[in-house]
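Here are some exercises to work through with the model open in your viewer. Try each task before you read its solution.

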Amino acid sequence: MPSNLPADTMRPPTRRSLMFWVALLYFSEGLPLGLFFDLFPVHMRQAGVGTADIGLLSLLGLAWTVKFLWAPLVDAWRGHRLWMAAANAGMACVLAALAWQPEALSAGASWPWVLLAAFTVLSATNDIATDGYTIELLRKDQYGVANGLRIGFYRVGMLAAGGMLVAAGWLGTPGQPAWGAAYGLGAVLMLLNGSMVLMAPPQPPRPPRVAGAAAKEWSALKAQPLWLLALGLVLAGLLWPVLGPVGKAAGWAPVMAVSGTWWFKGAVPVGLMMLGASLMVVAARHPRAQALAEGPVFGAWVGLLARPGMLAVLAFILLFKLGDAAMGFMVKPFWVDAGFTPAQIGLVSVNVGLGLSIAGGLAGGWYVDRAGIFKGLWVLGLAQALSNLAYAWAAWQVPHTEPGMQVSAYYQGVVYAASALESFTGGLGTGAFLAFLMGITSKQRATTEYAILSSIFAFSRAVAGWAGGLGVEQMGYGAFFLLTFFLSFPAYALLPAVRRMLDGDPPR
């Protein structure tokens, strides 16, 4: 008997096909990040752009940090496959424009910078839609394997961007890489990704939003200006790093005089964001905040922060990978100071490390699906912390080497072993952590809530990296790496709150 149901509703996607789409989507999410951090800076430097100007490029990456601001728009308009396809098509257009005139990046023109800014916003939008779509499509018992694939293919996407660097060299001449061809290849790959996304399974339906929710939300917001103050403080902290480079470019003497101090670079922005977050918690727990609960923008914030035990869970998000993030940012400087060559660092720490982190992510996902998210967090988190001890041992074993001196085979083996352990266990911990973030996200607001939670984690990673530089400067590598082992455990005191949140299983 014929049916009026759409074909994709009659035949729901199998587990195997779902995992194929997870792999494809996160390859598409990792590729733009690899282009931004690998291809663009190398091209600019090779074209003669100064290091200060290349440093300004990193400020465009703030789009990935503040993506929660427009996540409600993606969530409200739905059609996540269209968002992802459009974002990939937009990034392809940016790369096509750069392929057409690659020399513009070194000619001092302003339009390439506008294109690069658009590229980061489009990439962040693709991240928002991809994360929300994946959470809505998967069941909770599929998060482990899905996150293993996610970690692996995200890194494969970043590695593909490195392949475009190789292509630029192969297709060009010595001293004159074919940057136009590399950008053209990237544009074709982006278009292919966007076309395939349109064939992904449809999103599950969800109840319609309350009519007039946006208008009611803004009316209620006028009576609660504390929300706007809190958001303003958070944004001020996020954008604070821009002030130093802008002040230098504009010649503002007061800013230039203090822009290099630790409190200007770290304490002020962190303080602003923490104050803003605290005020947001106060605002979310005010009785009148319920008037915002159905709103498309602040409703997700109210829903998250008003949950019992959520403050402890947010603290857990900030702390779980604190030790790993604080050490991770200092690993490459340690290799350099230990006397390793760029080729050795690239081969072992980057390429071999990539393969091991993929294997760790897959193994961690497999374990989480069988043991559960909660057990996966503390068991795999412990394994993640042990790698910090290995690097502490390596730092004490390997003497500081002057440039040009060879590193002995013994010392090479010690550092290679520490690197292998760190890459594999880092993948284990990340697989469990991402499954946890998905597990506490409501499917009704998956896009916005996950963007908020991932932004909180990105904030902790940035702060840990900043503090890591100060720690090594004051303590040395060995003592600081040992300290990061102990920094991995304050999060364990919050595990009871995490278990209650996971066992409570809020409506999805």
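This is a predicted model: local features need pLDDT of at least 70, side-chain atom pairs count only at pLDDT 80 or more; totals for chains, interfaces and linings use all residues.

**Exercise 1: The enclosed space**

Residues are numbered from 1 along each chain as its sequence is written, and side-chain values use heavy atoms, with hydrogens and water left out.

Task: find which residues line the largest cavity.

Solution, step by step:
- On a 1 Å grid over the protein atoms alone, a cavity is a set of points where a 1.4 Å probe fits but cannot get out, a pocket is an open set with protein on both sides within 12 Å along at least five of seven lines, and lining residues have an atom within 4 Å of a point.
- The count comes to one cavity of 30 Å³ or more, and about 40 Å³ of space lies in the largest cavity; grid points are joined across faces, edges and corners, and a volume is the space filled by probe spheres set on the points.
- The lining consists of Leu 18, Trp 21, Val 22, Leu 25, Tyr 133, Thr 134, Leu 137 and Leu 138.
- Two or more of these residues come from each of α2 and α7, with α2 giving the largest share, four residues. Helices (H or I, at least four residues) and strands (E, at least two) are DSSP runs, numbered from the N terminus.

**Exercise 2: The open space**

Task: work out which helix gives the most to the lining of the second largest pocket.

Solution, step by step:
- This pocket has a volume of about 500 Å³.
- Of its 22 lining residues, Met 273, Ala 277, Trp 301, Ile 456 and Phe 459 are the closest to the centre.
- Two or more residues each come from α11 (226-239), α14 (262-284), α15 (299-305), α16 and α21 (446-475).
- The answer is α14, with six residues.
- By class, the lining has 19 nonpolar, three polar and no charged residues.

**Exercise 3: Two ring pairs**

Task: decide whether Phe 40 and Phe 119 pair as stacked or edge-to-face.

Solution, step by step:
- Rings of Phe, Tyr and Trp (its six-membered ring) pair if their centres lie within 6.5 Å; planes under 30 degrees apart count as stacked, over 60 as edge-to-face and the rest as tilted.
- This rule gives 23 aromatic pairs.
- Phe 40 and Phe 119 are 5.4 Å apart centre to centre with 75 degrees between the planes, an edge-to-face pair.
- Phe 40 sits in helix α2 (residues 15-46) and Phe 119 in helix α7 (residues 111-137), 79 residues apart.
- Both Phe 40 and Phe 119 are buried (buried means under 20% relative accessible area, exposed over 50%, partly exposed in between, with a 1.4 Å probe and protein chains only).

Note on methods: Ala, Val, Leu, Ile, Met, Phe, Trp, Tyr, Cys and Pro count as nonpolar, Asp, Glu, Lys and Arg as charged, and the others, Gly among them, as polar.
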